[in-house]
2 protein chains.
Amino acid sequence: MKLNVREFSSSSEGFRDELDALLAWDSVSDAGVQHAVAGIVEQVRLKGDEAVIEFTNKFDRRQVVESSELEISRDELALAKERVSPELVDNLEAAAQRVNDYHERQKQSSWQYQEDSGTVLGQKVTPLDRVGVYVPGGKAAYPSSVLMNVMPAKVAGVKEIIMVVPTPDGVVNDIVLAAAYIAGVDRVFTIGGAQAVAALAYGTQSIPKVDKIVGPGNIFVATAKKMVFGVVGIDMIAGPSEILVVCDGKTDPDWIAMDLFSQAEHDEDAQSILVSPDLAFIKEVKSAMERLVDTQSRKDIIKVSLENRGALIHVKDMDDAMDIANIVAAEHLELSIDEPEKWVEKIRHAGAIFMGRHTPEAVGDYCAGPNHVLPTSGTARFSSPLGVYDFQKRSSLIYCSPEGASDLAKIAAPLARGESLEAHAMSAEYRILKDA
Amino acid sequence: MKLNVREFSSSSEGFRDELDALLAWDSVSDAGVQHAVAGIVEQVRLKGDEAVIEFTNKFDRRQVVESSELEISRDELALAKERVSPELVDNLEAAAQRVNDYHERQKQSSWQYQEDSGTVLGQKVTPLDRVGVYVPGGKAAYPSSVLMNVMPAKVAGVKEIIMVVPTPDGVVNDIVLAAAYIAGVDRVFTIGGAQAVAALAYGTQSIPKVDKIVGPGNIFVATAKKMVFGVVGIDMIAGPSEILVVCDGKTDPDWIAMDLFSQAEHDEDAQSILVSPDLAFIKEVKSAMERLVDTQSRKDIIKVSLENRGALIHVKDMDDAMDIANIVAAEHLELSIDEPEKWVEKIRHAGAIFMGRHTPEAVGDYCAGPNHVLPTSGTARFSSPLGVYDFQKRSSLIYCSPEGASDLAKIAAPLARGESLEAHAMSAEYRILKDA
């Protein structure tokens, strides 16, 4: 099948504008969505369970009468796991273990130090009390997302993890529930959309209020999360998924084609970009894609996303490729090149970096260990993969000895007066030692 | 002066509702503000400098013609520092040094580890490229905020720090500019409000686009920050400042009164709460407040904030006090008690914890070392003080050895098929070794 994928050269005039246009993604939800979501959030805030049941019955075509019908018990999760094939359960457990092991290394600890005056300064690190994990239901149900969102919270020591997952027409996904059981989710509610986000943010009679909401969702979920940000914490608002593959031309073109497909198959807005200094290789990858696309079960999605948002970029050399990688700040960056450990030094911005020819994004998506919840659309310039640090927080510790306080007060008081804050100055000065 | 400060007992029926009502703070900006800010942001995004100049002239009553008039050079910052008294400069420099020293301990480093298969997993930590710091101008100009927002970014290794500070009627604050010089700000623009936030988020012809915007501001600034969140990173949206003082009754009542005033004097919405198991002591503190309030230059503000949002809470014992502290999750928590190092173990949620009788919040506000930008309104339940970690980000590193890739692919491929992602499965399977 012929594929009309954009081809660029970084040497051509206007390349930077072309690149910017390629990367442009407007995540702003329109006024209609904003208005609808604001209404749902407000209703759930005011009416609690009653509104949650009403919206769930309406949007998920269910006939819920009592709020207790919305909860799936741990016992039911265990039964769902029994219904999944033992091989798949083994794979889920192996993945969970590896994700756990990697995330254990992200745990941060409290620290403190004492100054000569006896004053002690430090930072106390504590887990969040309760976290909500949003898991999409319906056609795009991803058990791997359950593991990736829940495991870091468990490693952080979060006491209670609440999962919400919509079950349109009452259909549950056993693999998703099995993953919830394996990951150690405490309670599961079969609700979704803006109503689920609002219920977690404000709490209802039966759904406990959480401290932070994480997990992917559609535009209604994303808009609701942004709306309740501040009332609770949220993770990043995710845009469409993207990969930037940098290849020196020495990897099997079929492998690279399939790596690009694995991103493109997510949805029509997904973005797959290949960057290479080898023009002949780019042509080979294109031929491979054209040959392989018809073998793909999701070929229609792959074709649309590659033609709409994909690109093959010919660069001058590997330095040029690294510059482009830093501009793109890709969610997934694959360095399918010689000596990736050398070139990775030049990368300043990326969500996850897949190094070498044997490291496809797909292993990172499921089981390598690092999180697959990554900053999209260039937000790797300022944000990080989901991690244990998202479920821990810090409190500053200050203990002043009488002598330390006296010294510090002499610095603080004039600065407070410089800001016309007299009570600040006096509060500090009360601690100045008379004989000091 | 008589002060009508609320008095509660934690033993009384309905206490929890009273406490919730006391703490309630609705930070939602109204539809009028939302609409105004959306218009300003859109204009700046579309028209750049032209719109920035127009809004600055309008809101700050200035007569700017060229965008170059909006910038203050490093040389001008140095001159401003010359105009500040040498003593105050010494105090600023001493504070900057202590803030620097504390924050150095927050720096995070990259790490990696190798598995038996030869596969390497890790996390690369990098600073943000460019950060914008918003500094309020006009009556509430705080040089200490310049230090607290800029120093962590410097310690993180941020390459370029852009400060914006409105100068209503063209009036500059020399101490603020001196602090900017000392902290190492790279460029300063005299703009403020939603237009400054939009300029930093999208960039204009003369103002560079940043990766993250931090710093306090009024409701227009806060609304604009929330609006551009996702385009750039932002710090938390700050509510009014608050302190919870827990005292066992053995600290000088005048000291505690002044510690409460130092919070109350910020603005009419600031919140000061005293918690003590000693009812007689609570009365003593109240008397001290009534005696001292008239000596205060900001007595009108102190009176309003204490009467509107202040409270004196009598508790059963110190355990009860700690429970309340965890419910409040205060921005500033002062433990003016014996053995604070023992009781602090029970604290799960607080922005900064001031331990012992000689540690007033005021020393933390200026020079103890920890940051004074702290989570307000109970958001310490899920967020942290501003820190070096806000200016660093992480990239996951995955390098699979051929053997490691082969093993991982056998886990990943079935999981991918379980999610109907065939290209993911095939991309992984290409890496399964034929003879393995």
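This is a selection-by-selection tour of a predicted model, moving from the domains of chain A to the interface with chain B and then to a sheet in chain B.

Residues are numbered from 1 along each chain as its sequence is written, and chains are lettered from A, with ligands numbered from 1, in the order in which they are written. Local features need pLDDT of at least 70 and side-chain atom pairs count only at pLDDT 80 or more, while totals for chains, interfaces and linings use all residues; side-chain values use heavy atoms, with hydrogens and water left out.

**Domains of chain A**

Select residues 6–27 and 239–368 of chain A for domain 1, then 31–108 and 125–234 for domain 2; these bounds come from an automatic or database domain assignment. The centres of the two domains, taken over C-alpha atoms, are 32 Å apart. In contact (heavy atoms within 4.5 Å) are 7 residues of domain 1 of chain A and 6 residues of domain 2 of chain A.

The two domains of chain A bury about 500 Å² between them, with 48% of that from carbon and sulfur atoms. Buried area is the accessible area (1.4 Å probe) that two parts lose on being put together, summed over both. Now select A:Y366, A:C367 and A:A368: they supply 64% of what domain 1 of chain A buries against domain 2, more than any other three residues.

**Chain A against chain B**

Show both chains. Each contributes 116 residues to the contact, and about 10200 Å² is buried between chain A and chain B, 59% of it on carbon and sulfur atoms. On the chain A side, pick A:F382, A:I398 and A:R431, which supply 8% of the area buried against chain B, more than any other three residues.

Of salt bridges, 12 cross this interface. For one of them, select B:R348 and A:D129, at 2.9 Å from N to O. Polar contacts between the chains come to 67 residue pairs. Helix 16 (402–418) of chain A gives the largest share of the side touching chain B, 11 residues. Helices (H or I, at least four residues) and strands (E, at least two) are DSSP runs, numbered from the N terminus.

Another salt bridge joins B:R381 to A:D211, 2.6 Å from N to O. B:R381 lies in the loop between helix 15 (361–366) and strand 15 (392–399) of chain B, and A:D211 in the loop between helix 8 (193–202) and strand 8 (212–214) of chain A.

Next, select strand 15 (392–399) of chain A and strand 14 (352–355) of chain B, which run parallel and are joined by 4 bridges. Strands pair if DSSP finds at least two bridges between them. Here A:I398 stands opposite B:F354.

**A sheet in chain B**

Finish on the open sheet of 6 strands in chain B, ordered 2-7-6-5-8-9 with mixed pairing. Strand 2 (71–72) and strand 9 (233–234) of chain B each have a single partner strand, so one side of each has no neighbour in the sheet. Strand 8 (212–214) and strand 9 of chain B run parallel, joined by 2 bridges; B:I213 has B:I234 as its bridge partner.

Notes
A salt bridge is a side-chain nitrogen of Lys or Arg within 4 Å of a carboxyl oxygen of Asp or Glu. A polar contact is a pair of N or O atoms within 3.5 Å; within protein, one must be able to donate a hydrogen and the other to accept it, and residues adjacent in sequence count only if both atoms are side-chain atoms.
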